[in-house]
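This report walks through one protein chain, beginning with a single residue and then widening to the whole. Please keep the sequence and the structure in view while reading.

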Amino acid sequence: MINSTNIKANITLAVQVTANITADHLLIHLIGGATLALINISTTTALITFIILILLTILEFTVALIQGYVFTLLVSLYLHDNN
């Protein structure tokens with residue numbers, strides 16, 4: 001039987017994952033736009049922001065893997081407690 005606690009927990013997990021993904025994509029988009037704008041102004045600064053962009057992309061990939069693992073683990077724990 002499905003109880004309201006199980007539904008609330010899954011909805012909160014989904015909202016958390018969605019908010020984190022949205023924030024990461026927004027940050028990468030903003031830094032990418034800044035890199036493109038800085039290419040004509042200062043090549044050195046554009047290179048530095050591009051390196052930061054690459055590092056943030058690696059960080060986002062790592063965080064996505066961890067979030068997927070934690071989400072799967074928590075959902076399985078919630079479902080196990082429900083039975």
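## A residue in the loop

Is Ile41 buried or exposed? Ile41 is exposed, because its relative accessible area is 68%, and the cut-off for that word is a value over 50%. The model in which this can be seen is a predicted one, and this should be kept in mind throughout.

Ile41 lies in the loop that runs between helix α1, residues 4-38, and helix α2. From the C-alpha atom of Ile41 to that of Ser76 the separation is 51 Å, and these two residues are 35 positions apart along the chain.

## The chain as a whole

The secondary structure of the protein chain consists of two helices, with zero strands. The radius of gyration is 19 Å, whereas the globule rule gives 12 Å for 83 residues, and because the value is well over that figure, the protein chain is more spread out than a compact globule. The C-alpha trace spans about 60 × 20 × 10 Å when it is followed along its principal axes.

Of the 83 residues in the protein chain, 16% count as buried. The accessible surface of the chain comes to about 6,300 Å², and carbon and sulfur atoms account for 76% of this surface.

Thr49 lies in helix α2, and it is buried because its relative accessible area is 15%, where the cut-off for buried is under 20%. Which residues does Thr49 contact, leaving aside its neighbours within four places in sequence? They are Ile31, Thr35 and Leu38. With Thr35 there is also a polar contact between the two side chains, at 3.1 Å, and the side chain of Thr49 reaches the backbone oxygen of Ala46 at 2.9 Å.

Glu60 is likewise found in helix α2, and its relative accessible area of 16% makes it a buried residue. Once the neighbours within four places in sequence are left aside, Glu60 is in contact with Asp24, His25 and Ile28. The side chain of His25 makes a polar contact with the side chain of Glu60, and the distance given for this pair is 3.2 Å.

How far apart are the C-alpha atoms of Gln67 and Val17, which are 50 residues apart along the chain? They are separated by 7.0 Å. Not counting residues up to four places away in sequence, Gln67 touches Val17, Asn20 and Ile21.

Asn20, one of the residues that Gln67 touches, is found in helix α1. Asn20 is partly exposed, since its relative accessible area is 29%. From Asn20 to Leu47 there are 27 residues along the chain, and the C-alpha atoms of this pair are separated by 26 Å.

Leu47, Phe50, Ile51, Ile54, Leu55 and Ile58 make a nonpolar surface patch, which has an area of about 580 Å². Phe50, one of the residues in this patch, is placed in helix α2, and with a relative accessible area of 42% Phe50 is partly exposed.

Ile48 is also placed in helix α2, the helix made of residues 43-82. At 47% relative accessibility, Ile48 counts as partly exposed; the cut-off for calling a residue exposed is over 50%. The C-alpha atom of Ile48 is separated by 27 Å from that of Ala19, and these residues are 29 apart along the chain.

How values were computed: Residues are numbered from 1 along each chain as its sequence is written. This is a predicted model: local features need pLDDT of at least 70, side-chain atom pairs count only at pLDDT 80 or more; totals for chains, interfaces and linings use all residues. Side-chain values use heavy atoms; hydrogens and water are left out. Helices (H or I, at least four residues) and strands (E, at least two) are DSSP runs, numbered from the N terminus. The radius of gyration is taken over C-alpha atoms; the globule rule is 2.2 Å times the number of residues to the power 0.38. Buried means under 20% relative accessible area, exposed over 50%, partly exposed in between (1.4 Å probe, protein chains only). Accessible areas come from the Shrake-Rupley method with a 1.4 Å probe; for residues, only the protein chains shown count as cover. Patches are made of residues with over 30% relative accessible area and no salt bridge: like charges are joined within 9 Å, nonpolar side chains (Val, Leu, Ile, Met, Phe, Trp, Tyr) within 5 Å. A salt bridge is a side-chain nitrogen of Lys or Arg within 4 Å of a carboxyl oxygen of Asp or Glu. A polar contact is a pair of N or O atoms within 3.5 Å; within protein, one must be able to donate a hydrogen and the other to accept it, and residues adjacent in sequence count only if both atoms are side-chain atoms. Contact means heavy atoms within 4.5 Å.
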